[in-house]
Amino acid sequence: MTVMGVPKFQRFFRAAASLDMDKNDLKRYGDFVGAKLYDLLVVGQASAKANVRDTVEPWDLPITKGLQESIHRFRRLDEEVELKPILEQLAARPPLDRTPTQETEERYPEIIGGLSVALAETFKIMYPDVRNPQTSHWEGVTAVFGRLL
């Protein structure tokens, strides 16, 4: 993540859930969104394969109602923070058996944004008094996401 992006991420997490993130948190965050995007793509790839297609379409990704709502909240927050261009850099394209379409890839930044909003809100639900998440908080929140997504 670029140095210019760090203040935007900090501002985003403050706006999303009154969290004070530091550079260690941003490293964990990058790992988290990379892993969750990959998980969504693996399931999308399976859907494409089951439908005998060589490409992963946007509708192949398992975007739940809750994640879709988080994507909508991200869009509203992003008007203020303008994080989407930075998220495009985080949207690594992991190798898959099926190739995501351009339309699918164009959705990655907003999906990552939705995951980011959901992550921030989950910190506040699980740890309402926390302002600066520590390792144990990250472990708890990521464990929940690991079971649900």
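Q: Helices here are DSSP runs of H or I with at least four residues, numbered from the N terminus. Which loop holds Ser18?
A: In this predicted model, Ser18 sits in the loop between H1 and H2. Helix H1 covers 5-17 and helix H2 covers 23-50.

Q: Why is Ser18 called partly exposed?
A: Its relative accessible area is 35%.

Q: What makes the phi of Ser18 worth a mention?
A: Ser18 isn't a glycine, yet its phi is positive, about 55°. Most residues other than glycine have a negative phi.

Q: Where does Val52 lie, and what is its phi?
A: You'll find Val52 in the loop between H2 and strand E1 (55-56). Val52 isn't a glycine either, and has a positive phi of about 55°.

Q: Why is Val52 called exposed?
A: Val52 has a relative accessible area of 75%. The label needs over 50%, so Val52 qualifies.

Q: What makes some residues of H3 count as buried, and which are they?
A: To be buried, a residue must have under 20% relative accessible area. In H3 the list is Leu67, Ser70, Ile71, Phe74, Leu77, Asp78 and Val81. Here's a handy rule: an α-helix has 3.6 residues a turn, so residues three or four places apart point the same way.

Q: What do the buried residues of H3 pack against?
A: Their partners are helices H1, H2, H4 (84-90) and H6 (108-126).

Q: Why does the radius of gyration of the protein chain agree with a compact globule?
A: A compact globule of 149 residues would have a value near 15 Å, and the protein chain has 15 Å, so the two agree. Its C-alpha atoms fill a box of roughly 50 × 30 × 25 Å along the principal axes.

Q: What secondary structure does the protein chain have, and in what order do the elements run?
A: There are seven helices and two strands. From the N terminus on, the order is α-α-β-α-α-β-α-α-α.

Q: What share of the residues in the protein chain is buried?
A: Buried residues make up 44% of the 149.

Definitions and conventions: Residues numbered from 1 in each chain as written. Predicted model: local features only at pLDDT ≥ 70, side-chain atom pairs only at ≥ 80, totals over all residues. Heavy atoms only, no water. Rg over C-alpha atoms; globule rule 2.2 N^0.38 Å. Buried < 20%, exposed > 50% of the residue type's maximum accessible area, 1.4 Å probe, protein only. Contact = heavy atoms within 4.5 Å.
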